[in-house]
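Please look over the sequence and the model before reading on.

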Amino acid sequence: PETSVEQRFKDITSLYPTRYFIITDFEEYDLQTDLADYLESHFTVLKQTPDYLIYDLTQALPSTS
């Protein structure tokens, strides 16, 4: 079975702890809708410009469940 985006994200960030997730390739980001949805629903946007988008992984959004 395919691994969920949430599990893939946790696997990567557990290996490479980080505070920020930075998007610079918007074409690729747009193709990964599961990742975009996950980030948008779980983390605060720190800064957004036409050139980049930074999610603050230390600022989780409140759970809606």
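Is Lys-10 buried, partly exposed or exposed? Lys-10 is partly exposed, at a relative accessible area of 42%; buried means under 20%, exposed over 50%, and partly exposed in between (1.4 Å probe, protein chains only). This is a predicted model, in which local features need pLDDT of at least 70 and side-chain atom pairs count only at pLDDT 80 or more, while totals for chains, interfaces and linings use all residues. Residues are numbered from 1 along each chain as its sequence is written, and side-chain values use heavy atoms, leaving out hydrogens and water.

**Salt bridges**
- The count is 2 salt bridges, each a side-chain nitrogen of Lys or Arg within 4 Å of a carboxyl oxygen of Asp or Glu.
- Lys-10 pairs with Glu-6 at 3.2 Å, N to O.
- These two residues lie 4 residues apart in helix α1 (residues 5-15), about one helical turn; helices are DSSP runs (H or I, at least four residues), numbered from the N terminus.
- Glu-6 is partly exposed, at 35% relative accessible area.
- Arg-8 and Asp-34 form a salt bridge at 3.0 Å, N to O.
- That pair links distant parts of the chain, with Arg-8 in helix α1 and Asp-34 in helix α3 (residues 33-42), 26 residues apart.
- Arg-8 is partly exposed at 32%, and Asp-34 is partly exposed at 31%.

**Contact of α1 with α3**
- Val-5, Glu-6, Arg-8, Phe-9 and Lys-10 in α1 meet Asp-34, Leu-35, Tyr-38 and Leu-39 in α3, where contact means heavy atoms within 4.5 Å.
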